[in-house]
Amino acid sequence: MRRLWKWRRRHDPLVCREFVELVTDYLEGALPADERARFEAHLAECDGCTAYLEDMRRLIGSLNQTPEPPPDPATREALLRAFRDLRESG
Ligand SMILES: [Zn+2]
């Protein structure tokens with residue numbers, strides 16, 4: 001009982017929701033320092049978000065290992081032009 005109470009007290013659903021929404025920014029280092037510090041303080045107390053962070057890190061890691069390379073700018077430009085021509089002629 002006491003353990004549960006402690007967990008409930010520490011577990012802040014609002015921060016958890018924010019964390020889930022901003023976890024990619026966090027992993028990319030795109031969060032402002034104060035937000036980052038707040039999340040790190042939350043991570044130290046929240047097992048759920050720690051596990052979520054690990055999952056996301058793995059997921060992003062596997063996404064970065066996709067065999068297909070992203071199109072280079074020239075290819076992208078050519079594609080955009082092709083789409084534009086298609087729309088204008090159609
Ligand atoms: Zn949390």
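Start by selecting Cys16. Is Cys16 buried or exposed? Its relative accessibility is 12%, and buried means under 20%, so Cys16 counts as buried. Keep in mind that this is a predicted model.

**Stop 1: the zinc ion**

Show the zinc ion next. Which residues are its protein donors? They are Cys16, His42, Cys46 and Cys49. The cysteines each use the SG atom, and His42 uses NE2. The donors lie 2.1 to 2.3 Å from the zinc ion.

Turn the view until you can see the 4 donor atoms around the metal. The angles among these atoms run from 104 to 115°. That makes the site tetrahedral. For comparison, the ideal angle for four tetrahedral donors is 109.5 degrees.

Look at the sequence panel with the donors still selected. How are the donor residues of the zinc ion spaced in sequence? The pattern is C-x25-H-x3-C-x2-C. Cys16 sits in helix H2, residues 13-28. Cys46 sits in the loop between helix H3 (33-45) and helix H4 (47-63).

Click on His42. His42 is buried, with a relative accessible area of 6%. Now pick Phe19 as well and draw a line between the two C-alpha atoms. They are separated by 8.9 Å, while the residues are 23 apart along the chain.

**Stop 2: the whole chain**

Zoom out and switch to cartoon view. The chain has 5 helices and 0 strands. Follow the chain from the N terminus. The elements run α-α-α-α-α.

Colour the residues by accessibility. Buried residues make up 14% of the 90 residues in the chain. Cys16 and Cys46 are both buried.

**Stop 3: a link between helices**

Select Glu18, which is found in helix H2. Glu18 is partly exposed, at 22% relative accessibility. The closest N and O atoms of Glu18 and Arg38 are 2.5 Å apart. The pair links distant parts of the chain, with Glu18 in helix H2 and Arg38 in helix H3, 20 residues apart. Arg38 is partly exposed as well, at 34% relative accessibility.

**Stop 4: salt bridges inside a helix**

A search of the whole structure finds 6 salt bridges. Two more are worth a click.

First, select Glu40 and Arg36. They form a salt bridge, with the closest N and O atoms 3.6 Å apart. Both lie in helix H3, 4 residues apart, about one turn of the helix. Glu40 has a relative accessible area of 36% and is partly exposed. Arg36, at 29%, also counts as partly exposed.

Next, select Asp55 and Arg58. Their closest N and O atoms are 2.9 Å apart, in another salt bridge. Both residues lie in helix H4, 3 residues apart, about one turn of the helix. Is Arg58 buried or exposed? Arg58 has a relative accessible area of 57%; exposed means over 50%, so Arg58 is exposed. Asp55, at 43%, counts as partly exposed.

Now select Glu18, Glu35 and Arg38 together. Salt bridges that share partners join them into one network.

**Stop 5**

Click on Leu86 to end the tour. This residue is found in helix H5, residues 73-89. Leu86 is exposed, with a relative accessible area of 60%.

Conventions:
Residues numbered from 1 in each chain as written. Predicted model: local features only at pLDDT ≥ 70, side-chain atom pairs only at ≥ 80, totals over all residues. Heavy atoms only, no water. Donors = N, O, S within 2.8 Å, 3.2 Å for Na, K, Ca; no water. Tetrahedral: all angles 85-135°; square planar, octahedral: opposite > 155°, others 65-115°. Helix = DSSP H or I, 4+ residues; strand = E, 2+ residues; numbered from the N terminus. Buried < 20%, exposed > 50% of the residue type's maximum accessible area, 1.4 Å probe, protein only. Salt bridge = Lys/Arg side-chain N within 4 Å of Asp/Glu carboxyl O.
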